[in-house]
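Let's take a friendly walk through the packing of this protein. The sequence and structure come up next.

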Amino acid sequence: MMAGLGMAFMACDEIDESSALPQSNPQLDMIKAENVKVESAVTSTIDFATAPASVEVARVEDGTDWPEGYVASVPFAQVSTTEDFAEYRQLDATMGDNGAVYVDTDAWDDAQLAMVGKNPAEVTYYVRCAVNATGGGQTIRMGGGKHFYGNFPVKIKPIDLFGGQVIEQEYYIVTSSTGWDISKAVKCNHTDKDAYDDPSFSAIINVPDGGVEYVVIPGTTYYAGSFGLNYGVDAFGALVESTGALSSEPGNIAEKGPHMISINMLDLTCEQKLAIEFFYTPGQSNGWNHQASQKIGTRDYVNYCGYANLEDGFKFSSGETWDQGLDLGYASPGVLNLAPGCANITVEQPGLYYCWLDPIALKYTLTLVSSFGVIGNATPGGWDAETALSPSADYLIWSGEMELTDGELKFRANNGWDINLGGSVDNLYQNEGNLASPGVGKYLVTLDLSTIPYTCSFTKQ
């Protein structure tokens, strides 16, 4: 083991919180920090699947002119995927013979999952080490509290958690309606996460009269411009891989209109459903005029909910006119009918109704809204009693003056929690989170249900 290493012993208080023991009045002559050398000990890619429990990442070389009895140690190393260490993880380190520096493989693997994710592709890390000197009953950080040695690249092969299954970062939908033209494929939406961490993709396609067939292709096939790897869909919703030619069992959608295709490239599953953005409510109250009616929106293309001023009969319609999209009428209580010329849905009394429908299951509910109020610890009644709002003539605007304090609040109907609105002031939605109070004072509170998204405002009086 080396007798000592060169460093600059500085009488300063700037110490990294995790640099082992702090300085304690060093009484040593200044020794140059540049005498310390920390170099990479890695000559090839480290494969976490086969690596030992601890891997050697660096080697510390002897310095000169060291005080007698002082030895070097590396209390920790930092690893980052960028040279500037804008984001890093700190790993405990140990010193072996001849200045070898080791870090725990499992700890580095945990850092890999936290910083990069589950993607099994090779990653280049940068490694730097803190170096301490210990002797005479004290431990001193070489070069000062934030000084590091090294900053060299190390290639890592992460553990493959997917058994070799490849998940690409882009997927597309190719349809028969375009003559299977790959250049006209629809790109799937995806979150900003790596595809191995979130393997779900989705796209909306418009199905013409007569239906459509489709296949899923990865980005490599799309950019190649010809059919290589692609996926059909079997009768159970499983993706079926095909290479070298168009799948013999493409997915199929018979119903006209917008449909969302959702795929999971880890489970290799596919789901398709209507993707209507909203339903109009043309009826007696608006002269059977789609554009004059209220819209019922959705977050998942299955459950649609919203508010409409209704009187006598009406229908849910997905098109801007009667000859577009789906027109859903009455089949039986709570059940919709999509047959042409079906009966109107009716309400017993005019007013504002909270509407919910599932156009896939053909189910619906209508709830008369007799009141709207504001409730929360920012309101006069706290969470125990709501403060009532007054409606406009068409029941689409509700407002009232009230004293507010700091805290939170929500809007709710019929003095209960079955119908409530939260989220944000410019995008209110059923059962969303509480709103922050605008502050202490008297406010005119206004809830606007005339258009979607629903909004509210707080005007200080």
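## Nonpolar cores

A nonpolar core is a set of buried Ala, Val, Leu, Ile, Met, Phe, Trp, Tyr and Cys residues joined through side-chain atoms within 4.5 Å. Buried means under 20% relative accessible area, exposed over 50% and partly exposed in between, with a 1.4 Å probe and protein chains only. The model is predicted, so local features need pLDDT of at least 70 and side-chain atom pairs count only at pLDDT 80 or more, while totals for chains, interfaces and linings use all residues. Residues are numbered from 1 along each chain as its sequence is written, and side-chain values use heavy atoms, with hydrogens and water left out.

The largest nonpolar core holds 32 residues, and V38 and W108 have the most contacts inside it. Among the elements supplying at least two residues each are helix α1 (105-115) and strands β3 (54-61) and β8 (123-129); helices (H or I, at least four residues) and strands (E, at least two) are DSSP runs, numbered from the N terminus. A second, separate core of 28 residues includes Y354, V369, A378 and L396. Back at V38, the contacts (heavy atoms within 4.5 Å) include A58, V60, C129 and F152, leaving aside residues up to four places away in sequence.

## Aromatic pairs

Rings of Phe, Tyr and Trp (its six-membered ring) pair if their centres lie within 6.5 Å; planes under 30 degrees apart count as stacked, over 60 as edge-to-face and the rest as tilted. Across the whole structure, a search finds 16 aromatic pairs. W108 and Y125 are edge-to-face, because their ring centres are 5.6 Å apart and their planes meet at 75°. With W108 in helix α1 and Y125 in strand β8, this pair ties together parts 17 residues apart in sequence.

Y172 and Y222 are stacked instead, with centres 3.9 Å apart and planes at 5°. This pair links strand β12 (residues 171-175) to helix α2, 50 residues apart. Y172 counts as buried at 4% relative accessibility, whereas Y222 is partly exposed at 23%.

## Cysteines

How many disulfides are there? With a disulfide taken as a pair of cysteine sulfur atoms within 2.5 Å, the count is zero. The sulfur of C342 lies 16 Å from the closest cysteine sulfur, in C355, which is too far for a bond. C342 is buried at 9% relative accessibility, and C129 is buried at 0%.
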